[in-house]
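Reader: I'm new to this structure. Could you walk me through how to read it?

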Amino acid sequence: MSGKITRTNPATVPAPVGKYTHITKIPRGAELFVASGQIGVTPQGEIPAALNEQVVHTFANIKAILESENLTSEHIIKVNIWATEKLDWDFFYAEWDKLFGNDYPAMTVGYISALGLPEIKIEIEIWAARV
């Protein structure tokens, strides 16, 4: 087994419909990190009303979580995204690309009726591994 995280899209499965990878393989013995869902709260503790502003702050919080453990986006193996409103995918992917470039993890997206507080419109959970 390779000593690094690998990402593949099998030829036997239709290509991803977004910026993600079908399979992320973590080698045996890797250190696993599971972060609680991050929301778009500002450093001042405020939650903006606009979804896109929440997206910006959610990604900033994810970056801070990664940095706190000396991790980068290369370590992210799985992303779960929940939103209560339809995402502006052009805006979302612009922020996504700032974090991931072209090295996409596995991803799941779900639209749901509510999150933990009424003002939260998006929550993103990350799983990461360090080899």
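Author: Let's go through the core, the rings, a surface patch and the salt bridges. This is a predicted model, where local features need pLDDT of at least 70, side-chain atom pairs count only at pLDDT 80 or more, and totals for chains, interfaces and linings use all residues. Residues are numbered from 1 along each chain as its sequence is written, and side-chain values use heavy atoms, with hydrogens and water left out.

Reader: Which residues have the most contacts inside the largest nonpolar core?

Author: In soluble globular proteins, nonpolar side chains tend to be buried together. A nonpolar core here is a set of buried Ala, Val, Leu, Ile, Met, Phe, Trp, Tyr and Cys residues joined through side-chain atoms within 4.5 Å. Buried means under 20% relative accessible area, exposed over 50%, and partly exposed in between (1.4 Å probe, protein chains only). The largest core has 25 residues, and I81, F92, W96 and I124 have the most contacts inside it. Helix 1 (51-68), strand 5 (76-83), helix 2 (89-100) and strand 7 (122-130) each give two or more residues to this core. Helices (H or I, at least four residues) and strands (E, at least two) are DSSP runs, numbered from the N terminus.

Reader: What does W96 touch?

Author: Contact means heavy atoms within 4.5 Å. Leaving out residues up to four places away in sequence, W96 touches K19, F59, V79, I81, G101, Y104, P105 and M107.

Reader: Which residues do ring pairs link into a cluster?

Author: Rings of Phe, Tyr and Trp (its six-membered ring) pair if their centres lie within 6.5 Å. The cluster is made of F59, W89, F92, Y93, W96 and F100, and the count of aromatic pairs is 7.

Reader: How many salt bridges are there?

Author: Side chains of opposite charge can pair when their charged atoms come close. The rule asks for a side-chain nitrogen of Lys or Arg within 4 Å of a carboxyl oxygen of Asp or Glu, and the count is 5. One of them joins D97 and K19 (2.5 Å, N to O). That pair links distant parts of the chain, 78 residues apart: D97 sits in helix 2, K19 in the loop between strand 1 (6-8) and strand 2 (23-25).

Reader: And R130, what does it pair with?

Author: R130 pairs with E31, the closest N and O atoms being 3.4 Å apart. R130 lies in strand 7 and E31 in strand 3, so this bridge ties together parts 99 residues apart in sequence. R130 is partly exposed at 24% relative accessible area, and E31 is partly exposed at 42%.

Terms used: Rings of Phe, Tyr and Trp (its six-membered ring) pair if their centres lie within 6.5 Å; planes under 30 degrees apart count as stacked, over 60 as edge-to-face and the rest as tilted.
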